Amino acid sequence: MEIFSRYEPNVEVWIPNIDRGWILAKILEKSVENNSLSLSLYTELDQYVSYTYQITPNVDPNSILPPLQNPSFMLELNALENLANLTYLHKLAVFNGIELRFENEIIYTYSGIVLIAVNPFKKLDLFSVEIMRGELEPHLYAITEDANRNMLRNGKNQLIIVSGESGAGKTVAAKFVMKYFSTIADLDLKEAGYAVSKPKPNDAFLGVDEAVLSTNPIMESFGYAKTA
């Protein structure tokens with residue numbers, strides 16, 4: 001079968017492991033007989049193993065054969081900015097790419113037009129005004145800036161969907177989205193020569209960002225009530 005040609009010596013594949021879920025293994029030898037592929041492998045745990053994969057009619061071979069590891073040049077941090085560019089895009093490639101970036105304190109990764117964020121559970125210097133005005137790599141601000149530009153250019157409302165499990169950082173992400181809009185608006189006004197003043201805490205009128213963020217406890221209570 002033509003798909004067997006991808007599995008050559010020195011190519012790495014993902015194989016199941018009881019303790020770690022999945023591990024990498026390098027192909028040492030392969031043999032093909034009709035619709036059967038046999039592989040001799042050397043794993044990252046310094047073990048020699050062998051597997052035989054039998055392809056059956058009307059079944060996708062990709063669901064039977066071991067997932068392929070991407071070429072090393074595609075596993076560099078810059079190449080992993082958008083997972084959609086990977087040669088082999090599957091669940092393990094996605095997890096591996098996100099993990100490699102997270103280990104280098106890079107918590108944002110694109111998958112097409114979707115921004116994947118991993119909660120670092122610690123403070124990172126990722127949300128300063130300097131970063132807002134800088135060249136934005138995969139970042140929450142980049143998504144927000146794109147929505148802002150489309151809103152100004154097309155004159156239409158924009159929608160940013162923030163989803164994730166409990167504790168993933170959805171509320172914090174929404175706060176930074178609002179912070180970006182309010183801060184960038186002030187900076188644009190200042191650059192245009194207008195005086196910008198922030199409402200004082202005792203003022204009856206709050207800024208748009210403060211007004212929206214002040215509703216957060218109410219919105220959170222609805223969420224807690226629904227999931228309780």
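A contact, in this report, means that heavy atoms lie within 4.5 Å.

## Basis of the report

The model is predicted, so local features need pLDDT of at least 70 and side-chain atom pairs count only at pLDDT 80 or more, whereas totals for chains, interfaces and linings use all residues. Residues are numbered from 1 along each chain as its sequence is written, and side-chain values use heavy atoms, with hydrogens and water left out.

## Overall composition

The protein contains six helices and six strands. Helices (H or I, at least four residues) and strands (E, at least two) are DSSP runs, numbered from the N terminus. Read from the N terminus, the order of elements is β-β-β-β-α-β-β-α-α-α-α-α.

Of the 228 residues, 29% count as buried. Buried means under 20% relative accessible area, exposed means over 50%, and partly exposed lies in between, with a 1.4 Å probe and protein chains only. The accessible surface comes to about 15300 Å², and carbon and sulfur atoms account for 55% of this area. Such areas come from the Shrake-Rupley method with a 1.4 Å probe, and for residues only the protein chains shown count as cover. Among contacts between residues at least 6 apart in sequence, 42% join residues at least 24 apart.

## The four-stranded sheet

Four strands form an open, antiparallel sheet in the order β1-β2-β3-β4. Two strands pair if DSSP finds at least two bridges between them. Strands β1 and β4 (48–54) are the edges, and each pairs on one side only. From one strand to the next, the twist averages 45°. For such angles, axes are lines fitted to C-alpha atoms, for helices over the stretch in contact, and the angles run from 0 to 180 degrees between N-to-C directions.

The antiparallel strands β1 and β2 are joined by six bridges. Tryptophan 14 stands opposite leucine 24 in β2. In a regular strand, side chains alternate between the two faces of the sheet.

## Loops with positive phi

Most residues other than glycine have a negative phi. Asparagine 34, in the loop between β2 and β3 (36–43), has a positive phi of about 55° although it is not a glycine. Asparagine 34 counts as exposed because its relative accessibility is 66%.

Aspartate 46 lies in the loop between β3 and β4. Its phi is positive as well, at about 60°, and aspartate 46 is not a glycine. With 57% relative accessibility, aspartate 46 counts as exposed.

## Asparagine 70 and helix α1

Asparagine 70 is found in the loop between β4 and α1. Its relative accessibility is 4%, and therefore asparagine 70 counts as buried. Leaving aside residues up to four places away in sequence, asparagine 70 touches Leu75, Leu86, Thr87, Tyr88 and Ala93. A polar atom of its side chain lies 3.1 Å from the backbone nitrogen of threonine 87, and the side chain of asparagine 70 also reaches the backbone nitrogen of tyrosine 88 at 2.8 Å. A polar contact is a pair of N or O atoms within 3.5 Å; within protein, one must be able to donate a hydrogen and the other to accept it, and residues adjacent in sequence count only if both atoms are side-chain atoms.

Helix α1 (residues 91–102) has twelve residues and reaches 17 Å from its first C-alpha to its last, close to the 16 Å expected at 1.5 Å a residue. The expected span is 1.5 Å times one less than the number of residues. The buried residues in α1 are Leu92, Ala93, Val94, Asn96, Gly97, Ile98 and Arg101. Their cover includes β1 (12–17), β2 (21–33), β5 (108–111) and β6 (114–117).

## The hairpin of β5 and β6

Strands β5 and β6 run antiparallel and are joined by four bridges. The bridge partner of tyrosine 108 in β6 is alanine 117. Two residues stand between the strands of this hairpin, in which glycine 112 takes a positive phi near 70°.

## Helix α3 and its end

The 15 residues of α3 should span 21 Å at 1.5 Å a residue, and the end C-alpha atoms are 21 Å apart, which agrees. The buried residues of α3 are Leu140, Tyr141, Ala142, Thr144, Glu145, Ala147, Asn148 and Asn150.

Asparagine 150 belongs to helix α3 (residues 140–154), and at 15% relative accessibility asparagine 150 counts as buried. Apart from residues up to four places away in sequence, asparagine 150 touches Gly155 and Gln158. Glycine 155 follows α3 and has a positive phi, near 65°.
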